[in-house]
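Student: Can you walk me through this one? I'd like the helix packing first, then the aromatic rings.

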Amino acid sequence: MKIKMLLFFLLIGGIVSAQERSATVEQAVQEQTTRYNLSAEQVAQMYVIEERRERNLQEIEVLRESNYRLYLEKKQSIRTHSEGTIRQVLHKDQRFILDQEQAAYRQATSNLIQQMRQEGKSKEEIELTLLERG
């Protein structure tokens, strides 16, 4: 009974605070809810994760013009941290989907590196492209 009440209040709180959320956060949570078939409790946790991600990205936005490479490195760090936090929220079968997505991303990254090496790109150009890729 206590769990049901907690979930009820989380849901009500989520509905009230959803009016204050950005479209980016709403879209990200909606995509994750569809992709992973999230429970109500997981949706509430995803809102926290996505709001934190958006806030962190806004904080580093000033670096985009002054130090682009540092901006990209921090953006990559935010992405990695968010994925790790999302992994903790997901159940075993949901993590399987995340693992498949990450494996596909790593394979695409590997293919891109090989392609750029064949094109004769420098190590710095490859690193910058990978950072821009996110």
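Tutor: Here is a short chat about helix contacts and ring pairs. This is a predicted model, where local features need pLDDT of at least 70, side-chain atom pairs count only at pLDDT 80 or more, and totals for chains, interfaces and linings use all residues. Residues are numbered from 1 along each chain as its sequence is written, and side-chain values use heavy atoms, with hydrogens and water left out.

Student: OK, at what angle do α6 and α7 pack?

Tutor: About 150°, with the axes of α6 and helix α7 (residues 123–133) 10 Å apart. That makes α6 roughly antiparallel to α7 (angles over 145 degrees count as such).

Student: And which residues of α6 meet α7?

Tutor: Among them are Leu-112, Ile-113 and Met-116 in α6, and the α7 side includes Ile-126 and Leu-130; contact means heavy atoms within 4.5 Å.

Student: Switching topic: how many aromatic pairs are there?

Tutor: The count comes to one aromatic pair, where ring centres must lie within 6.5 Å. The rings of Tyr-68 and Tyr-71 have centres 6.2 Å apart and planes at 25°, so the pair is stacked (planes under 30 degrees apart).

Student: Where do Tyr-68 and Tyr-71 lie?

Tutor: Both are in helix α5, three residues apart, about one turn of the helix.

Student: Is Tyr-71 buried or exposed?

Tutor: Tyr-71 is buried, at 4% relative accessible area (buried means under 20%, with a 1.4 Å probe and protein chains only). Tyr-68 counts as partly exposed at 34% relative accessibility, a class that runs between buried and exposed, the latter being over 50%.

How values were computed:
Axes are lines fitted to C-alpha atoms, for helices over the stretch in contact, and angles run from 0 to 180 degrees between N-to-C directions. Helices (H or I, at least four residues) and strands (E, at least two) are DSSP runs, numbered from the N terminus. Angles under 35 degrees count as roughly parallel, over 145 as roughly antiparallel, 65 to 115 as roughly perpendicular and the rest as oblique. Rings of Phe, Tyr and Trp (its six-membered ring) pair if their centres lie within 6.5 Å; planes under 30 degrees apart count as stacked, over 60 as edge-to-face and the rest as tilted.
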